[in-house]
Structure formats: C-alpha cells, structure tokens
Amino acid sequence: MSVGTRLASAVGADRYLENPVERREALLGYLLILPAVLLIAAVILYPIAYNIYLSFTTVPLNPAVPPEWVGFENYQQLLGSPRFWGAFQTTLVFTVGSTILSTIVGLGVAMLFDRSFRGRRLARGLVLLPHVTPIIAVAFVWQFMLSPLWGTIPNLLADWGIYTSQVGLLERSSTALPVVVVFSAWRNFPFAFLLFVARLGAIPNSMYEAAKIDGAGAVAQFKDITLPELKGTIAIVVLLRFIWEFNTFAQVWLLTRQVLTLPIFAYQSAFANFEQGLGAAISLLLFIIQIMFVIGFVKLFGEEKV
C-alpha cells in the first residue's frame, strides 16, 4: 500500500471519495458555511491583518502615496516612550479598579434582590438604567454633577471639608482617574448584577435550610454556599469586564480629557497626530496583551469555569 493510500485511509478520505452521498452532503455543508466564513474574514480577519501591516509602516498624509515599510520602528518608539508606559499603567489601574468595583457592587445588589418583596420586578428593571441609558447622556449628567461651579458632588464634599480646591475633579489627572473608575463601575455593574441574580436563583434553598439546621449564620452561608456556587459566574464576569474595560474609549473620552488610556493614546496617535502606523502598533499591542490575559486567566481558573 502506498503512502498516499495509507494517508487517505487514515483520514477517512477513501470512504469520502467512494461514497457519493456523503460527498454531496459534505459539499453542501461547506457551501452553507461559506457565507459565514467569508463574512467573518471580511469584518474581522481582514481588519486585523491590515492593522498588523499598518503597524510596520509609516502612513503618509497623501492618500495617493502608499505606506512606507519601516519594520519594527513604531514598536521601538513605543517601548521607549514614557507616555506609552504611563498610558499602559493608567489603563491597568482603570481596568482592574472598575472591574473589581463593578463586580463587587453587582454581587451586592444581586444578593439584596435575591428575595421576595413587593415591586421586585420593577426594581430589577430600574437597576438596569445606568447600563441601558445612552453613554453620551450619562456622561454629560456626571459632568454637570461634578462641575466645581454648580455641581452637587463638589459642594457636598466641600461642606464635609473633604474638597477645598477650585479646580474640578475632572480637570486634574490625580482625581479624574478615580472618578472615571467609579463612573465605569456605576455604569457597568448591572451587567454583573444580571448574571449574579440569575445564578443565585438557581442555588437550591435546601442547601441554606440544611446550613441553618447546622447552626450556620449568614456569613458562614455566604462563605460556604453562595461564594462556591458563584465561582464560575464571578470568573466569567471578571474575564468579560476586564476585556471590555481594557478597550474602553467612550466612557473615558466623554467624561474627561485628563485620563490617558491606551485606546485614547491610539486614537490620538492615529487621528489627531496622523501617525496611523503608530496607532496601529498600539492597537496591536492592546490585542496581544488581552490575548495573553485571556490565556493566563483560562489556565488559572480552568476551562470548565470560564
């Protein structure tokens, strides 16, 4: 038996070639999935491939002139730039802070709503308002509330003796970053709330009743029953929120210009300074960092949890 014959037998191609019915069914399957494959290639794979190409070039302002290949020059410029590392650190602080805060708030609110009371369905719907309201509207409302002239929050903090500066909280980078973290957590905690409240409803009440019979208090029930049952949901919430927060642009950009994250740095490089090759390099580094995080997260918590 020749090598080609043995290989065809190993992969089952001999049966495929000999059976016309299976061959037609396989061909029909390929034709059915072909539009989806082409669509994915057009809207996902091509932009990624073109971004990778642009990151190794310098794009001239004249659209009639093709990009100039510069190799790793954009990456060398980025890795040697303090502004890039500052933006990376700010992005990390913003992502970790808003992810942890939104997860904790979402879990706390879900536990409050995991009991029967009058108007619970209406109250659950109201909790979703921060997440479904257009981002441009809530950003302007927060800017109004944080205004040093007529905002309620600075006036309240001033009455308590906490805030005495004439500069607004969003006008200083030292205070703008914590405010943006709180704003992002406030806007996105309903997503965590939805997942947690669904999972809490699936925990059997018999587990809590058995714990009460054994004399377990509320803290022990949370530690030994609720938290272990929510581990998988917590892992999913943290993973998704980390990915989304790491790419967040609108929430930060609309609220203040004093916080420089990597997506904003990429936008400014590509569309304000017209260094599209540099912006593409920043975007590719963002993509690589997230891929590394996802792989590490799955390795740490296991595929069955995420």
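This is a predicted model: local features need pLDDT of at least 70, side-chain atom pairs count only at pLDDT 80 or more; totals for chains, interfaces and linings use all residues.
Reader: At what angle do the axes of helix 3 and helix 16 cross?
Author: Two packed helices are described by the angle between their axes and the distance between the axes. For helix 3 (residues 20-55) and helix 16 (residues 276-301), the axes come within 7 Å. The crossing angle is roughly 125°.

Reader: Are helix 3 and helix 16 parallel, antiparallel, perpendicular or oblique to each other?
Author: An angle over 145 degrees would count as roughly antiparallel, and 65 to 115 as roughly perpendicular. The axes of helix 3 and helix 16 cross at roughly 125°, and helix 3 passes helix 16 in a left-handed crossing. The two helices are therefore oblique.

Reader: How many nonpolar, polar and charged residues are in the contact of helix 3 with helix 16?
Author: From helix 3, Asn51, Ile52, Leu54 and Ser55 take part, and they meet Gly277, Ala280, Ala281, Ser283 and Leu284 of helix 16. Gly counts as polar in this classing. By class, the contact has five nonpolar, four polar and no charged residues.

Reader: Which orientation do helix 13 and helix 16 have to each other?
Author: Helix 13 (residues 231-246) packs with helix 16 at an angle of about 170°, and their axes are 10 Å apart. Angles over 145 degrees count as roughly antiparallel. The orientation of helix 13 and helix 16 is therefore roughly antiparallel.

Reader: How many polar residues does the contact of helix 13 with helix 16 have?
Author: Helix 13 contributes Ala235, Val238, Leu239, Phe242, Ile243 and Phe246, while helix 16 contributes Leu286, Ile289, Gln290, Phe293, Val294 and Phe297. By class, eleven residues of this contact are nonpolar and none is charged. The number of polar residues is one.

Reader: How many residues of helix 15 are buried?
Author: The buried residues of helix 15 are Leu262, Pro263, Ile264, Phe265, Ala266, Gln268, Ser269 and Ala270. What covers them includes helix 4 (73-79), helix 5, helix 13, helix 14 (250-255) and helix 16. Helix 15 is mostly covered, and the buried count among its eleven residues is eight.

Reader: Is Phe274 buried, partly exposed or exposed?
Author: The relative accessible area of Phe274 is 47%. Buried means under 20% and exposed means over 50%. Phe274 is therefore partly exposed.

Reader: Is Thr90 buried or exposed, and which residues is it in contact with?
Author: Thr90 lies in helix 5 (residues 82-112). Its relative accessible area is 18%, under the 20% cut-off, so Thr90 is buried. Leaving aside neighbours within four places in sequence, its contacts are Leu177, Val259, Leu260 and Thr261.

Reader: Which residue has its backbone oxygen 2.9 Å from a polar atom of the side chain of Thr90?
Author: A polar contact is a pair of N or O atoms within 3.5 Å. At 2.9 Å, the pair at the Thr90 side chain is within that cut-off. The backbone oxygen belongs to Gly86.

Reader: Which residues is Tyr53 in contact with, leaving aside its neighbours within four places in sequence?
Author: Tyr53 is in helix 3, and at 34% relative accessibility it counts as partly exposed. The C-alpha atom of Tyr53 is separated by 26 Å from that of Leu34, 19 residues apart along the chain. With the sequence neighbours left aside, Tyr53 is in contact with Pro67 and Trp69.

Terms used. Residues are numbered from 1 along each chain as its sequence is written. Side-chain values use heavy atoms; hydrogens and water are left out. Helices (H or I, at least four residues) and strands (E, at least two) are DSSP runs, numbered from the N terminus. Buried means under 20% relative accessible area, exposed over 50%, partly exposed in between (1.4 Å probe, protein chains only). A polar contact is a pair of N or O atoms within 3.5 Å; within protein, one must be able to donate a hydrogen and the other to accept it, and residues adjacent in sequence count only if both atoms are side-chain atoms. Contact means heavy atoms within 4.5 Å. Axes are lines fitted to C-alpha atoms, for helices over the stretch in contact, and angles run from 0 to 180 degrees between N-to-C directions. Angles under 35 degrees count as roughly parallel, over 145 as roughly antiparallel, 65 to 115 as roughly perpendicular and the rest as oblique. A crossing is left-handed if the near helix is turned anticlockwise from the far one by less than a right angle, and right-handed if clockwise.
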